[in-house]
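Please read it alongside the sequence and the structure shown here.

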Amino acid sequence: EQLRSSSNLGVEGRGDGSVRDRKMQEDGFHPLCFTRDVFDQEEEFDVDTFIADCRRRVPLNSVLQDLRRYADTLEGDLLELINNDYADFVNLSANLSGIDKVIEGLRGPLQQLRKDVDAIHQAVLAVSNTLESKLNRQEELAEKKRVLELFINTHATVCKIEGLIGVNEGTAVFGSTERKGEKGKSEERKEETVAAGRDTSTLIQRVANDFNLLNFYVSECGSVPFVKKLRVRIDRIEQALREGLTSQFRAGLRSRNMDIVVSCLHTFAAIDAMRSAEELFREERVLPFVSKTVTEAVVAEKGLAGMYAEIVDWAKSECGVLTKLLEGAVKGFDFIGNSLFAAVVDAMASNLHGVFSTAVPSQFHSNYSQSIAFLSSLEELYSTADEVLDFRKGSSYRAFEQKWKISVYYGLRFQEIVRPFEASFSVPHDLPRDGQITTLPPTAELWKALRRCWAKNVFLDDLLDSFFKLSLQLVARYAHWVAEGLAQVRSPPAEGEEAPLTWARWISSQDYSALFFDMANVTAALPTTYMQEVLSAVPDMPKETADIVKGQYASVEVLEKAKEELAAIMCQQVTEKCITSLQPVRGIMQTYRIGKKAAPTQASYYVANVLKELRKFIDAPQLAQLPKETKLAWTTSIVTAVTEKYEEWATAMVENFKKQLSYQKKISNKASAGMDGFDKIKLQLKLDVTKFGSELAEL
C-alpha cells in the first residue's frame, strides 16, 4: 500500500522532476532492482511476490525509487507515442462514429452461425462415437477370430501328427509301446510299416517340423482351457516323437548310416533336444570306446600321453565326422565336450585314481602337464573361439580342473625348495684361504632354490604367481640372513653371552668381501640372466607382465639396503686397520724431543704400511668385478677418514710440542745451535706427508 501511494504521489509530482529524471526519460530507464519483463509476463502479476523477490536483493527504498523512475519513463513514452501519432488518433475517433450500429447488425448472423456450428459438431461427435464403438467391436471380433483360428490350427495339427505317427489311445508309436500288452501288435505294425516302404527318418523329421509348429500355436494360445484339454494328447505326441527319434538315432549309429544320423540330428535341433542327442551318442558310441581305453592297463602299456593321444584320434574320426556333416547347417551340438570328454572325466575318476595323486610331485607334474596338453588338443578340434569358451565353461571341464590339487602340489614343492635353503643358514662353513673366488654355501643354495622355482619338471603355468612370489620370498629371506649378521657385527654380544648363530660367527672380517661379492652377483643377475631363465620357462608371458616381473627383480630393496650396510662396515673396518697402522706418528715427538737425534732424511717406516690394508682390500679377488666407480667411492671414503685422522694427530703433536718448547724457553735462556727438535719434527712430518701423498698416487 505504501508503494502504491508513493507511486501515485510520484505521478502527481512528476511535472517538477529533476534534471537527472528527465535525462533518464530521454535515454530510457533501466531499473536495477527488477527487469522490465516482469510486467509483461502472461501470468497474472502478483504484487506480493514481486516485492518479496526484490526485497531479498535490495531495501524497499531502492525498490520504491526504481518504481517511480520506471513510471516516469512509461508516462514519457506514452506521451511521446500520442504526440507522434496524434493525427491517427483523431482520425480514428472520426472513423469510429456509427460503428455501434454496424456491430449490432452483425451480432444476429454471427449468433446463428454459432448455433449451426454447434449442431454440426454434435452430429459429427455422435458419428465418431458410433464409428469408434464399431471399430472396437471389429477389433474384438478379429482377436476372437485369431484365437479361434489358433484353436483350429492347434487341433488340426494335433490330429495331423496323430495321423502321421498313428497315435491313438492304445496304439503303438514308432515301435514303442503306448499301452501295456500291445508290444506284439507294435512289432507287427512296425513290420507292416517297413514293408510298406515308409521312410521312418523322413517321417520323423516331418513330424518334428509339425510339432514345432504345434508348440508355436500352443505358446500363442496361452493357458486357456482348450489347450489344457489337449495337453495330454500333446504330451503323448512328444513322448512318441522322442521315442521314435531315439530309436532311429540309435539304429543309425549302430549301422553307421550317416544319412539317418544327420537327419535325426536335424530333428533333435528342431525340437530343441540337442542334449538328448549328445547323451545318446555317448551311450552308443563313446562309452564302449572309453571303457576299453581309459583303464590302468592302457596307461601302464602306453602311458598317460598315449591314452590321451588315442582319445584325440578317436575324437577326430568320430566326433569330427559329425561336426563336419553339421557344419554350417546346425549349431549347438558339442559331442567332444558333452559326450566324449564328460565320459573320459567320469572314467578317469573311477578307474585312474592315481593320476590325480599329489603323493609324488614329479609324477603329478608329468600327469598334469600331459592333461593340459590333452585339453589343448581337444580345443584345437573346435572351429571357433566361442565354441572353445563354451567347452571351458562346461561342467565336465570344471570338474576335471578341480580334481587336480595344484595347491597341494605347490605346498610340497615349497617344502622341497625351502628346506635345504633354510638349513644352509644354521650350519657353519669353512672358506678356503687360497684367495680363490668362492660362493658362500647359503648363496649357492639360494641360486639352487631360485632356479628350482622355474625348472621344467617343477614349474606349472597355473602357479606362475605362486612361484614368482616364492622367488621374491627367497631373496627376502637371504637379505634377512645378511641383516641378522650385520646386526651382530654392529652390536657384538657381551663377554660370556651366547651369540646367535649367524654368518658373523663363521665369516671373518677379511671374508666380508666374499659375502659382498655374492650379494652383488645376486642383485645384478636377478633382472638379467635370471630373468632370462624365467622367460624360458614362460615363453608366452605378456610383455606387460614381463616388465612387472623384471621391475620387481631389479628393485629388491631389502637386499640393496643390506648390501649398502655391509659395504659401510667393510669400509669402516679397513679404515680402522689403516688408522692403527698410522699410530706410530705419535712417537715422532718422543724421538726428536731431546734434540740429540740427527735430522731426518727419509720418511718414517710406518708410512708405507698405512694404506697396505686398503690396497689389500681393493685388490681382493672377490672385488675384481666391482665397478670402478664403486671402488673409487670406497677408496675416497677410507682415504678421507685416514687423512683426517692423520691431520688430527699431527696437528695435536705439533701444538703439544710448541707448548713444551715455550715452557723450556721460559726456564732456560740458552739458544740452541743448529736445527732444534721442533724443526726436526716438522721436517719429519713433511717427509712423511710427501711419502703418504706418493702412496695415494699409486692407488
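The structure, which is a predicted model, holds 34 aromatic pairs. It also holds 24 salt bridges.

**Aromatic contacts**

- Phe 341 and Tyr 397 form a tilted aromatic pair, with 6.5 Å from centre to centre and 40 degrees between the planes.
- Phe 341 belongs to helix α13 (residues 335-351) and Tyr 397 to helix α16 (residues 395-403), so this pair ties together parts that are 56 residues apart in sequence.
- Both Phe 341 and Tyr 397 are buried.
- The ring centres of Tyr 605 and Tyr 606 are 6.4 Å apart and their planes stand at 90 degrees, so this pair is edge-to-face.
- Tyr 605 is exposed because its relative accessible area is 64%, above the 50% cut-off.
- Tyr 606, in contrast, is buried, since its relative accessible area of 2% is under 20%.
- One aromatic cluster includes Phe 341 and Tyr 397, together with Tyr 308, Phe 356, Phe 364, Tyr 368, Phe 374, Tyr 382, Phe 391, Phe 400, Trp 404 and Tyr 409.

**Salt bridges**

- Side chains of opposite charge can pair when their charged atoms come close.
- Arg 107 forms a salt bridge with Glu 104, and the closest N and O atoms are 3.5 Å apart.
- Arg 107 and Glu 104 both lie in helix α6, where a spacing of 3 residues places them about one turn of the helix apart.
- Arg 107 counts as partly exposed, at 40% relative accessibility.
- Lys 302 forms a salt bridge with Glu 310, in which the closest N and O atoms are 2.8 Å apart.
- Lys 302 is partly exposed at 45% relative accessibility, and Glu 310 is also partly exposed, with a relative accessible area of 26%.
- Glu 695 and Lys 691 meet through their side chains in a salt bridge of 3.6 Å, N to O.
- Glu 695 and Lys 691 are 4 residues apart in helix α28 (residues 677-698), so about one helical turn separates them.
- Glu 695 counts as buried at 7% relative accessibility, whereas Lys 691 is partly exposed, with a relative accessible area of 33%.

**Surface patches**

- Leu 92, Leu 96, Ile 99, Val 102, Ile 103, Leu 106, Leu 110, Leu 113 and Val 117 make a nonpolar surface patch of about 800 Å².
- Helix α6 (residues 99-165) supplies the largest share of this nonpolar patch, 7 residues.
- Leu 110 lies in helix α6 and counts as exposed, at 54% relative accessibility.
- A surface patch of negative charge gathers Glu 327, Asp 386, Glu 387 and Asp 390.
- Asp 390, one of the residues of this negative patch, is found in helix α15 (residues 385-393).

- Most residues other than glycine have a negative phi.
- Arg 256 is not a glycine, yet has a positive phi of about 55 degrees.
- Arg 256 is found in the loop between α9 (225-255) and α10 (258-270), and is partly exposed, with a relative accessible area of 47%.
- Arg 146 has its place in helix α6 and is partly exposed, with a relative accessible area of 33%.
- Arg 146 and Cys 221 are 75 residues apart in sequence, and their C-alpha atoms are 9.7 Å apart in space.

Definitions and conventions: Residues numbered from 1 in each chain as written. Predicted model: local features only at pLDDT ≥ 70, side-chain atom pairs only at ≥ 80, totals over all residues. Heavy atoms only, no water. Patch = residues over 30% accessible without salt bridge, like charges linked within 9 Å, V, L, I, M, F, W, Y side chains within 5 Å. Areas by Shrake-Rupley, 256 points an atom, 1.4 Å probe, with all protein chains shown as cover. Salt bridge = Lys/Arg side-chain N within 4 Å of Asp/Glu carboxyl O. Lys, Arg positive; Asp, Glu negative; His and termini not counted. Charge placed at Lys NZ, Arg CZ, Asp CG, Glu CD. Helix = DSSP H or I, 4+ residues; strand = E, 2+ residues; numbered from the N terminus. Phe/Tyr/Trp six-rings, centres within 6.5 Å; stacked < 30°, edge-to-face > 60°. Buried < 20%, exposed > 50% of the residue type's maximum accessible area, 1.4 Å probe, protein only.
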